[in-house]
Amino acid sequence: MSLPTLSTDASIQFDQEHIWHPYTSMINPSPVYMVTEAKGVYITLADGRQLIDGMASWWSVIHGYQHPRLNDAAKKQLDQFSHVMFGGLTHQPAIDLARRLVDITPEGLDRVFFADSGSVSVEVAIKMAIQYQQAKGQLEKHRLISLRCGYHGDTFAAMSVCDPVTGMHQLFQGTLKQQIFLPAPVTPWQEAICEEDLTALENTFTAHHHEVAALILEPVVQAPVECVFIQLITYVMSADSVINMMYC
Ligand SMILES: Cc1ncc(COP(=O)(O)O)c(C=O)c1O
């Protein structure tokens with residue numbers, strides 16, 4: 001049985017009473033605006049106003065809304081099949097994407113695991129790192145090193161490596177795995193690592209190397225790959241069988 005159509009105002013009212021939007025209070029919801037269309041960088045609201053979406057829907061629409069190539073590919077795919085499980089089955093679009101990823105990533109990164117969101121990919125990467133240590137018989141290596149000021153997503157393991165102050169650790173105290181945090185690096189790009197970063201790195205690895213499975217960081221925001229800090233981290237970790245999980 002279909003539901004009666006609501007006016008825009010009544011729909012918004014329903015939304016405020018029944019839909020919990022990300023990063024808002026359920027009992028005291030922030031206002032929301034009804035979108036009727038989005039094209040290029042513009043979002044059109046039900047009252048006719050147009051917004052420029054400066055954050056590309058949380059970076060998920062970086063090529064703009066209704067990009068003709070993406071729309072065509074999605075429509076073509078829908079006419080063949082919208083989705084099939086990946087257990088025991090495969091398909092050409094997945095293989096084509098994996099071939100491209102293997103082609104553009106450095107030598108040695110030649111296996112692809114698909115996940116459906118940033119948070120889930122962080123969960124998967126953490127599981128892989130721990131599984132790797134277990135396979136080597138190093139059961140005590142199950143904690144992660146992360147950098148302060150980082151953001152890695154909102155699922156549980158991802159949250160545990162987010163910044164402890166801005167990352168909602170307080171709310172989930174006692175539930176989140178206790179990870180090890182390095183201060184956010186202060187060494188400027190392409191400069192020799194400063195004393196402060198070096199000391200923090202040395203102290204952290206000296207104290208925790210025996211229990212660390214991997215280090216996670218966002219190189220684009222927290223330190224470019226060319227940064228000496230990253231090079232040093234990679235060196236220290238390879239000496240101690242710690243996996244380097246960098247992603248963008
Ligand atoms: C660096 C980084 N990691 C992980 C995530 C989580 O991704 P998602 O929102 O797709 O779960 C984000 C999202 O903004 C991110 O910026």
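Mentor: Two strands pair if DSSP finds at least two bridges between them. The model here is predicted, so local features need pLDDT of at least 70 and side-chain atom pairs count only at pLDDT 80 or more, while totals for chains, interfaces and linings use all residues. Residues are numbered from 1 along each chain as its sequence is written.

Trainee: Thanks! In what order do the three strands of the open sheet lie?

Mentor: Strands of a sheet pair through backbone hydrogen bonds, either parallel or antiparallel. Here the order is E1-E2-E3, and the pairing is antiparallel. Strand E1 (35–39) and strand E3 (50–52) are the edges, each pairing on one side only. From one strand to the next the twist averages 25°, taken between lines fitted to C-alpha atoms, on a scale from 0 to 180 degrees between N-to-C directions.

Trainee: How many bridges join E1 and E2?

Mentor: E1 and E2 are joined by four bridges, and Val35 has Leu45 in E2 as its bridge partner. Strand E2 (residues 42–45) and E3 share three bridges, with Thr44 opposite Gln50 in E3.

Trainee: Which residue in the turn of the E1 and E2 hairpin has a positive phi?

Mentor: Look for Gly40: this hairpin has two residues between its strands, and Gly40 in the turn has a positive phi of about 60°. Gly40 is partly exposed, because 13 other C-beta atoms lie within 10 Å; a residue is buried at 20 or more such atoms, exposed at 12 or fewer, and partly exposed in between, with C-beta atoms placed from the backbone. Gly40 also lies 9.6 Å from Ile62, C-alpha to C-alpha, although they are 22 residues apart in sequence. The hairpin of E2 and E3 has four residues between the strands, and there Gly48 takes a positive phi near 95°.

Trainee: Which residue has a positive phi of about 45° although it is not a glycine?

Mentor: Most residues other than glycine have a negative phi. Ala56, however, has a positive phi of about 45°; you will find Ala56 in helix H2 (residues 56–59). Gln66 also has a positive value, near 55°, and sits in the loop between H2 and H3.

Trainee: How many buried residues does H3 have among its 13 residues?

Mentor: The count is zero, and H3 is hardly covered. Helix H3 (residues 68–80) reaches 19 Å from its first C-alpha to its last, close to the 18 Å expected, which is 1.5 Å times one less than its number of residues.

Trainee: Which residues have the most contacts inside the largest nonpolar core?

Mentor: In soluble globular proteins, nonpolar side chains tend to be buried together. A nonpolar core is a set of buried Ala, Val, Leu, Ile, Met, Phe, Trp, Tyr and Cys residues joined through C-beta atoms within 7 Å. The largest one here has 21 residues, and Ile126 and Leu144 have the most contacts inside it. H5, strand E4 (143–147), helix H6 (156–160) and strand E6 (212–217) each give two or more residues to this core, and E6 gives the most, with six.

Trainee: Lastly, which residues surround the ligand?

Mentor: A residue counts as near a molecule or strand if its C-beta atom, placed from the backbone, lies within 6 Å of it. The ligand is surrounded by Trp58, Ser117, Gly118, Ser119, Val122, Tyr151, His152, Gly153 and Glu218. Helix H5 (residues 118–135) gives the most to this shell, with three residues.
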